[in-house]
Structures are given as structure tokens and as C-alpha cells.
Amino acid sequence: MAERWQQWMPHDIDSWQGSANIQALSDLAYRAVHNLLQDMWKQDDCALPNDPKELAKRSRVASRWNECAEEVEGYFSDRTEGGKITHRVLLRKWNEARDIYEKGHLARVEAGKKGAAKRWNGHANSNGVAQPLRAISSE
């Protein structure tokens with residue numbers, strides 16, 4: 001399952017629509033590429049298996065894959081060390097988004113620890129439940 005930061009993907013509309021590579025795609029290949037990029041974003045390595053059957057399924061145009069396979073596979077010319085397909089611009093944005101999320105996450109964890117320490121003033125037990133007040137003697 002995708003991480004929380006992977007639930008949205010930045011989409012630079014001007015760059016996308018102005019891309020000669022995108023403009024050259026047929027309508028069917030355009031749809032397949034867009035779907036594959038979105039699926040790629042949600043992966044833990046921003047890459048997909050270089051397997052035509054798997055790409056056809058993930059593209060959501062499986063019944064017509066043969067009509068656009070060459071165009072789509074040509075669009076994804078970047079490969080990982082493991083041979084998976086990726087897209088260098090998407091991968092760069094994916095790494096940036098992950099780094100921003102992780103930095104913010106670490107900051108929130110530290111802030112939570114400081115808040116808990118202040119709240120419990122060192123008197124919390126290990127399960128986070130407040131300890132009962134001590135009885136005040138009347139002597």
C-alpha cells in the first residue's frame with residue numbers, strides 16, 4: 001500500500017501539456033502513459049516491472065494494449081538498475097516529495113516527544129496511562 005505522502009502527486013500542467021513527447025502520443029497511449037505514471041508514483045521505488053502483460057494491466061487499457069504498446073514502451077525509456085521502467089522527471093519529483101514528507105514526519109515525531117515529556121513531567125508509566133494521585137494525609 002502506498003505511503004501517506006504518495007496519495008497525491010504533483011502535476012505541472014504547463015510542462016505536461018507542453019511536452020513534445022506527450023503531444024506526440026495517440027489518445028490511447030496518452031491514457032495508458034498517464035495511468036502508468038500514477039501507478040509508478042505509488043510504488044516503493046517509483047518503478048514498474050518491465051513486463052508487457054503487467055504494463056497492459058496497470059495501464060487500464062489491456063484490451064487495446066497491442067494498439068499502443070510500442071508508443072507507451074517508447075515513452076518509458078529510463079530503466080532502474082534492476083531493469084524496471086521508470087521516468088526520470090517523475091522519479092526526481094518522487095524523491096523530492098518523499099524527502100519533504102520524511103523531514104516533516106521526523107519533526108512531528110520530535111515535537112510529539114517534547115509535548116509528551118512536558119505533559120507528563122516525567123511521571124508517566126510505560127503504557128502512557130496517567131498515574132493515580134497520591135492520597136494526602138491529614139496528619
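Me: How many helices and strands does the protein chain have?
Reply: The protein chain has 6 helices and 2 strands. Both are DSSP runs, numbered from the N terminus: helices are H or I with at least four residues, strands are E with at least two. This is a predicted model, where local features need pLDDT of at least 70, side-chain atom pairs count only at pLDDT 80 or more, and totals for chains, interfaces and linings use all residues. Residues are numbered from 1 along each chain as its sequence is written, and side-chain values use heavy atoms, with hydrogens and water left out.

Me: What pattern does the chain follow along the sequence?
Reply: The pattern reads α-α-α-α-α-β-β-α.

Me: What share of the residues counts as buried?
Reply: Of the 139 residues, 27% count as buried. Buried means under 20% relative accessible area, exposed over 50%, and partly exposed in between (1.4 Å probe, protein chains only).

Me: How many residues are in the largest nonpolar core?
Reply: The largest nonpolar core has 27 residues. Such a core is a set of buried Ala, Val, Leu, Ile, Met, Phe, Trp, Tyr and Cys residues joined through side-chain atoms within 4.5 Å. Among those with the most contacts inside this core are Trp 65, Cys 68 and Phe 76.

Me: Which elements give two or more residues to this core?
Reply: They are α3 (27-41), α4 (52-59), α5 (65-75) and α6 (88-120). The largest share, 8 residues, comes from α3.

Me: What does Cys 68 contact, leaving aside neighbours within four places in sequence?
Reply: Cys 68 is in contact with Leu 28, Ala 29, Ala 32 and Val 61. Contact means heavy atoms within 4.5 Å.

Me: At what angle do α3 and α5 pack?
Reply: The angle is about 55°, with the axes 9 Å apart. Axes are lines fitted to C-alpha atoms, for helices over the stretch in contact, and angles run from 0 to 180 degrees between N-to-C directions.

Me: What do we call that arrangement?
Reply: α3 and α5 are oblique to each other. Under 35 degrees counts as roughly parallel, over 145 as roughly antiparallel, 65 to 115 as roughly perpendicular, and the rest as oblique.

Me: New topic. Is Gln 6 buried or exposed?
Reply: Gln 6 counts as buried, because its relative accessibility is 5%. Gln 6 lies in the segment before α1 (13-18).

Me: What does Gln 6 touch, not counting residues up to four places away in sequence?
Reply: Gln 6 touches Trp 41, Lys 42, Gln 43 and Trp 94.

Me: And how far is its side chain from the backbone nitrogen of Glu 3?
Reply: A polar atom of the Gln 6 side chain lies 2.8 Å from that nitrogen. The backbone oxygen of Lys 42 lies 3.5 Å from a polar atom of the Gln 6 side chain.

Note on methods
A polar contact is a pair of N or O atoms within 3.5 Å; within protein, one must be able to donate a hydrogen and the other to accept it, and residues adjacent in sequence count only if both atoms are side-chain atoms.
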